[in-house]
Amino acid sequence: MLADDYGNLYIYKNKDFSFTKYDSLGKQIGKMMLTVPYKVQSVQNPLSVPLFSENAQEMKFVDQNMNEIQKVDFKQKFGFIKMAYAEDLQQLWLLDESSKRLIQYNFRNETTINSYPFDASFDDLMDLLVYENKVYILTKKRILVYTLKFEKIFEAQIENGKRFRRENEFILVITDNSILKYVPEKEMVKIFDDPDAQIVDKNTLSYFEIKANNLYLYSLEKSKETKQQTEPDPKQKATERDVEESEEKRAEPGTPEGKLEKKTQEIEDKNPAESSLQKLIEDTSEVQTVGV
């Protein structure tokens with residue numbers, strides 16, 4: 001599950017290689033049925049969402065309606081690309097496993113800008129990110145940070161790492177049930193954590209989680225407030241307070257969450273089987289079941 005800054009949710013399922021977009025009310029906006037596995041890099045720019053396939057050795061870009069707008073084929077120009085990162089709408093960073101190099105590639109004019117020796121083999125490689133001459137590697141169990149000269153400057157243990165998210169100068173790591181922020185060359189700090197969550201994500205305004213087949217949304221400000229509590233067992237208290245405040249906020253008729261709750265209830269009252277939001281929850285539950 002991924003969320004963009006408009007509150008739209010995206011579900012990718014390894015079971016059938018489907019990629020589906022829903023609006024904030026759970027209504028399906030678009031869907032792609034892919035023929036091989038793809039990794040969704042980010043939905044921070046919903047007008048151009050990058051997807052990389054190691055199997056197909058290509059990267060696709062899709063628009064806000066889930067229509068393919070561009071495809072970049074790596075088979076003719078490179079050896080074997082293990083992971084790709086779209087830095088912007090022109091440049092890609094490619095981890096070429098066969099030549100052991102990190103390649104900066106302009107896919108608009110099909111030229112290689114730079115190539116750096118990067119002789120490393122990573123088990124369970126999950127994601128790649130390059131920012132300000134630093135190379136970030138994520139596996140299921142570790143985060144590693146290198147210079148472009150292949151000098152390791154940071155390493156830390158991660159449980160169930162899934163992907164990177166960059167917000168301005170901050171590098172975040174999304175895991176199964178937590179979100180961590182990288183403090184340059186020092187440590188990883190948890191900024192959101194719920195051991196009972198099935199899937200978590202974040203946009204610039206809120207945290208999202210799927211827990212017990214329910215979709216929860218927490219505002220960033222409320223999360224900050226709960227961290228400042230001094231009561232015993234602060235983690236448990238913070239979780240309880242966030243849930244209570246989130247429910248109270250959704251109950252207010254004038255808020256977006258209140259409107260969402262009212263609209264969802266109207267749909268379910270009319271015909272529970274046709275509830276798009278319930279279908280979204282079922283989809284995310286199935287994603288977790290198959291281990292995506």
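Analyst: The protein chain has 4 helices and 23 strands. Both are DSSP runs numbered from the N terminus: helices are H or I with at least four residues, strands are E with at least two. This is a predicted model, where local features need pLDDT of at least 70 and side-chain atom pairs count only at pLDDT 80 or more, while totals for chains, interfaces and linings use all residues. Residues are numbered from 1 along each chain as its sequence is written, and side-chain values use heavy atoms, leaving out hydrogens and water.

User: Why is Ser48 called buried?

Analyst: Buried means under 20% relative accessible area, exposed means over 50%, and partly exposed lies in between, with a 1.4 Å probe and protein chains only. Ser48 has a relative accessible area of 13%, so Ser48 is buried. Its place is in the loop between β5 (39-40) and β6 (49-53).

User: What does Ser48 touch, leaving aside its neighbours within four places in sequence?

Analyst: Ser48 is in contact with Phe61, Val62, Ile69 and Leu89. Contact means heavy atoms within 4.5 Å.

User: How do you know that Leu220 is buried?

Analyst: Its relative accessible area is 18%, so Leu220 counts as buried. Leu220 sits in helix α1 (residues 220-227). Not counting residues up to four places away in sequence, Leu220 touches Lys202, Thr204, Leu205, Ser206 and Tyr207.

User: What makes Glu58 buried?

Analyst: Glu58 has a relative accessible area of 8%, and therefore it is buried. It belongs to strand β7 (residues 58-62).

User: With which side chain does the side chain of Glu58 make a polar contact?

Analyst: The partner is the side chain of Tyr38, at 2.3 Å. A polar contact is a pair of N or O atoms within 3.5 Å; within protein, one must be able to donate a hydrogen and the other to accept it, and residues adjacent in sequence count only if both atoms are side-chain atoms. Beyond neighbours within four places in sequence, the contacts of Glu58 include Leu51, Phe52, Val72 and Phe74.

User: Which residues touch the most other members of the largest nonpolar core?

Analyst: They are Phe74, Leu92 and Ile137, in a core of 45 residues. A nonpolar core is a set of buried Ala, Val, Leu, Ile, Met, Phe, Trp, Tyr and Cys residues joined through side-chain atoms within 4.5 Å. Another core lies apart from that one; it has 14 residues, among them Leu2, Val43, Val62 and Met66.

User: How many aromatic pairs are there in the whole structure?

Analyst: A search finds 15 aromatic pairs. Rings of Phe, Tyr and Trp (its six-membered ring) pair if their centres lie within 6.5 Å; planes under 30 degrees apart count as stacked, over 60 as edge-to-face and the rest as tilted. Phe61 and Phe107 are a stacked pair, with 5.2 Å from centre to centre and 20° between the planes. Phe61 is in strand β7 and Phe107 in the loop between β11 (101-106) and β12 (111-117), 46 residues apart. Phe61 and Phe107 are both buried.

User: Why is the pair of Tyr136 and Tyr182 called edge-to-face?

Analyst: The ring centres of Tyr136 and Tyr182 are 5.7 Å apart and the planes are at 80°, so the pair is edge-to-face. Tyr136 is in strand β14 (residues 134-139) and Tyr182 in strand β19 (residues 178-183), so parts 46 residues apart in sequence are tied together. Both tyrosines, Tyr136 and Tyr182, are buried.

User: Where does the charged end of Lys211 sit?

Analyst: It sits over the ring of Tyr216, 5.5 Å from the centre. A charge sits over a ring if NZ of Lys or CZ of Arg is within 6 Å of the ring centre and within 35 degrees of the ring normal. Lys181 lies over the face of Phe170, 4.7 Å from the ring centre.

User: Is Glu132 buried or exposed?

Analyst: Its relative accessible area is 57%, so Glu132 is exposed. Glu132 lies in the loop between β13 (125-131) and β14. Its phi is near 50°, a positive value in a residue other than glycine.

User: What makes Phe150 partly exposed?

Analyst: Phe150 has a relative accessible area of 26%, so Phe150 is called partly exposed. Phe150 also has a positive phi, about 65°, although it is not a glycine.
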